[in-house]
Amino acid sequence: MARRPRLYLPGCPLHIIQRGNNRDACFRDDSDYKAYLHFMREAATQYGVAIHAFVLMTNHVHILATPSTEESVSRMMQSIGRRYVQHFNYAYSRTGTLWEGRYKSTLVDTDNYLLTVYRYIELNPVRAGMVGHPADYPWSSYSYNAASVEIQMLTPHESYLALGKTSALRESAYRDLFQSHIPDMDINAIRFATNKSWVLGSEKFIEQFERRVGVAGKTAGHGGDRKSKAYKKSTTLPLSLIHISEPTRRTPIS
C-alpha cells in the first residue's frame, strides 16, 4: 500500500516526532545532543522553519515548528537526519540506519491546543521519570520559554507571546501552565494524532482546514469492534481529529 503523503500548511504549526530505530538510543553523550541542535539550527534557518519548542530524549525527538513553505519541514528533517547520522555513525564506529523510518507529524490547532503541545513536549523527561521538573532537563526548550536562557534557534509563537506584554510576564505565565497536569485524555489524543498523522483541532479549525485544503474533515471511521475497549477509548478523545497524510539558569544552548 502506498504511503499517504504528509500535508503541510505554511504558517500552521506541526508537532514532529522522530524515533531511534527499534527504540534504540540515538543520543549517547552530551556531544551528540549538541551536534543535533547545531544541525537543527542550521537546517531551520536554511529552509525557513520557526522552531518553538523541542526536547531531545534518549531515543527520540519532539519538535514544535511552523514551516514557511510546504517543503520547509521535510527538507529540514532530511538535512538534520543525514548530517546527524553521519556524526553518530562516525562517533561510534557504526554503519546503517539510525532512525525508525520516516518522522511523524501532525498539524496543530493554534487557538486551542498549541500551548498544550508546548507543555507536552517539555514535560517528556518528567513523564519518563528522568527528572522531577522540566527545568532540570538541559536538552529542551523549557529554559528558553520559562527562564530567559538564550537558545538561538527558537522563535516564540504568537500564542506564547500573547501570554504577557513583557518577557518576564510571559515567562511567569508560562511557568504557571506547568502547575497543573495535562489530562491523560489530552496526552493520549496528542500521541494518537501524531502517530497516526491526524490533525488536532476544534470544529472551527476543521472547517477552516476543509475550506483551505479541499479534503474531507472528519474521519468516517473504518469499522472494527465497537464493543472493544480500544474503540470506546478512541471515541472519547477530547480533541477533534481528522485524518491526513521555577526555572533554573543554565549555560545557553546555541
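How many disulfides does the count come to by the distance rule? The count comes to zero disulfides, a disulfide being a pair of cysteine sulfur atoms within 2.5 Å. The structure is a predicted model, in which local features need pLDDT of at least 70 and side-chain atom pairs count only at pLDDT 80 or more, while totals for chains, interfaces and linings use all residues. Residues are numbered from 1 along each chain as its sequence is written, and side-chain values use heavy atoms, with hydrogens and water left out.

Cys12 counts as buried because its relative accessibility is 8%. Cys26 is likewise classed as buried, at 0% relative accessibility.

The secondary structure of the protein chain consists of 10 helices and six strands. Of the 254 residues in the protein chain, 48% are buried. The accessible surface of the chain comes to about 12900 Å², and carbon and sulfur atoms account for 48% of that surface. Accessible areas come from the Shrake-Rupley method with a 1.4 Å probe, and for residues only the protein chains shown count as cover.

Charged side chains were then considered. Side chains of opposite charge can pair when their charged atoms come close. A salt bridge is a side-chain nitrogen of Lys or Arg within 4 Å of a carboxyl oxygen of Asp or Glu. By this rule the count is three salt bridges.

One of these salt bridges is formed by the side chains of Arg23 and Glu100, at 3.9 Å from N to O. Arg23 lies in the loop between β1 and α1 and Glu100 in the loop between α2 and β4, so the pair ties together parts of the chain 77 residues apart in sequence. Arg23 is partly exposed because its relative accessibility is 47%, and Glu100 is partly exposed as well, with a relative accessible area of 31%.

Arg83 forms a salt bridge with Glu42, with 2.7 Å between the closest N and O atoms. This pair links distant parts of the chain, since Arg83 is in helix α2 and Glu42 in helix α1, 41 residues apart. The relative accessible area is 28% for Arg83, which is therefore partly exposed. Glu42 is also partly exposed, at 33%.

Arg75 is in a salt bridge with Glu71, the closest N and O atoms being 2.9 Å apart. Arg75 has a relative accessible area of 42% and is partly exposed. Glu71 counts as partly exposed, at 42% relative accessibility.

For assigning charge, Lys and Arg count as positive and Asp and Glu as negative, whereas His and the chain ends are not counted. Asp109 is buried and has no salt bridge, the nearest side chain of opposite charge being Lys204 at 8.7 Å. Asp109 is located in the loop between β4 (104-107) and α3 (110-122). The side chain of Asp109 makes a polar contact with the side chain of Asn112 at 2.8 Å. A polar contact is a pair of N or O atoms within 3.5 Å; within protein, one must be able to donate a hydrogen and the other to accept it, and residues adjacent in sequence count only if both atoms are side-chain atoms. Apart from neighbours within four places in sequence, Asp109 is in contact (heavy atoms within 4.5 Å) with Leu114, Leu200, Gly201, Ser202 and Phe205.

Glu171, in helix α7 (residues 167-177), is also buried and has no salt bridge; here the nearest side chain of opposite charge is Arg175, 4.5 Å away. The side chain of Glu171 makes a polar contact with the side chain of Ser148 at 2.3 Å. Not counting residues up to four places away in sequence, Glu171 touches Asn145, Ala146, Ala147, Ser148 and Tyr160.

Backbone angles of two loop residues complete the description. Asn22 is not a glycine, yet has a positive phi of about 60 degrees. Asn22 is situated in the loop between β1 (14-19) and α1 (30-47) and counts as exposed, at 56% relative accessibility. Ser93, in the loop between α2 (72-91) and β4, has a phi near 50 degrees, a positive value in a residue other than glycine. The relative accessible area of Ser93 is 71%, so Ser93 is exposed.

Methods: Buried means under 20% relative accessible area, exposed over 50%, partly exposed in between (1.4 Å probe, protein chains only). Helices (H or I, at least four residues) and strands (E, at least two) are DSSP runs, numbered from the N terminus.
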